[in-house]
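I wished to see which residues surround each.

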Amino acid sequence: MQQRTLGQQGLTASALGYGAMGTTFAYGPGDDTESIAAIRAAHDLGVTHFDTAELYGWGTGERLLGAALAPIRDDVTIATKFGFTPETYAPNSRPEHIRQVVDTSLRNLGTDSIDLLYQHVHDPTVPIEDVVGTMQEFVQAGKVRYLGLSNTDVEQIRRAHAVHPISVLQAEYSVFSRESEAFFPTVDELGIGVVAYSPLARGFLSGAVRPRSAYAADDIRHQLEWWAPEHFDANVGVTTGLTEIAEAKGLRLSQLALAWILAKRDDVVPIPGSRNPSRVAENVAAGDVELTENEVARIDALSREVRGKRAMG
Ligand SMILES: NC(=O)c1ccc[n+]([C@@H]2O[C@H](COP(=O)([O-])OP(=O)(O)OC[C@H]3O[C@@H](n4cnc5c(N)ncnc54)[C@H](OP(=O)(O)O)[C@@H]3O)[C@@H](O)[C@H]2O)c1
């Protein structure tokens, strides 16, 4: 698999990473054995970058990912995130909270060092200089290698980068969600790489989308506008157009959607999530797909017909 460089501090990753959120959070109950098999399948197929967060099950997601990667820890990079209060889900980047969460994440992941540590969400109550200053303590102690930000704005990125180099902005980016393109001039100027989260639009671009009513009651898709009854059919129509482009190239919709992201920037790494080894294999195969300029333009045009906003975080 092609390798990509994220930022200017030395972090590299396979062009496609793996997002572990769904193993313990957001998409209804998973099967841990199958999730571990999916994670190992990703590695067997060349994926070296794995993403999780404290939020994904308040430690259970990190423990599952850490267990899955334990035999191959030195072959991979692991990213995790801090930034919420468990009881309320409110942003929390107070320095003492960061210190406690990151120490717990190291234990959960069963590792001496986190390759990439993100602030998960901007906390308006704590100056970003204090947040990054606290993250930097872990770099200086050898417990964290690279720093990243997620769900933030341009001003915060600039101020953070002035304290300690930021290697990655993790932002929602897919054919359905192009708002993050507004960050591109800033990350280009500062030399920050992009990790694209929810690259399959939370499954809308998977080729297996279903109406809200088909998902478990606690599934996050009940809250997403793309699935709202007034938008759903129109958005399925967009995927029909995309599927025609995909099938003409012998691809699945999901593969076309991932290849479109890879075609947009040399330094973007999508992190699709799947709890199933064969679906992981399908996603990883997108790393070899080349799109023509005309195909990218046709996908761009369809993306403008998507109805409903993305969800935050
Ligand atoms: N920074 C943030 O705030 C933030 C927010 C959201 C996500 N993330 C990160 O981004 C990662 C990916 O995002 P995501 O999980 O929200 O969404 P996604 O990757 O866009 O979509 C995941 C959904 O698509 C399904 N799927 C994946 N590949 C498929 C395939 N080939 N065929 C059919 N269905 C497929 C998955 O189901 P199955 O598991 O059943 O295959 C799951 O329901 C997360 O794991 C997390 O690491 C970060």
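I noted that the model is predicted, with pLDDT of at least 70 needed for local features and 80 or more for side-chain atom pairs, while totals for chains, interfaces and linings use all residues. Residues are numbered from 1 along each chain as its sequence is written, and side-chain values use heavy atoms, with hydrogens and water left out.

**Entry 1: the ligand.** I sorted the shell around the ligand by class and found ten nonpolar, 13 polar and seven charged residues. Of the 30 residues, Y27, D51, L200, S274 and R279 come nearest. Helix α9 (residues 277-284) supplies the largest share, three residues; a helix is a DSSP run of H or I with at least four residues.

I then looked up polar contacts (pairs of N or O atoms within 3.5 Å). D51 places a polar side-chain atom 2.7 Å from a ligand oxygen. For G19, a polar backbone atom is 3.1 Å from an oxygen atom of the ligand.

**Entry 2: the pocket.** Which residues line the second largest pocket? I listed Q2, R4, A259, L262, A263, G287, D288, V289, E290 and L291. Five are nonpolar, two polar and three charged. A pocket is an open set of points on a 1 Å grid over the protein atoms alone, where a 1.4 Å probe fits, with protein on both sides within 12 Å along at least five of seven lines; lining residues have an atom within 4 Å of a point.

Technical notes
Nonpolar A, V, L, I, M, F, W, Y, C, P; charged D, E, K, R; others polar. Near = heavy atom within 4 Å. Polar contact = N/O pair within 3.5 Å; in protein donor to acceptor, adjacent residues only side chain to side chain. Helix = DSSP H or I, 4+ residues; strand = E, 2+ residues; numbered from the N terminus.
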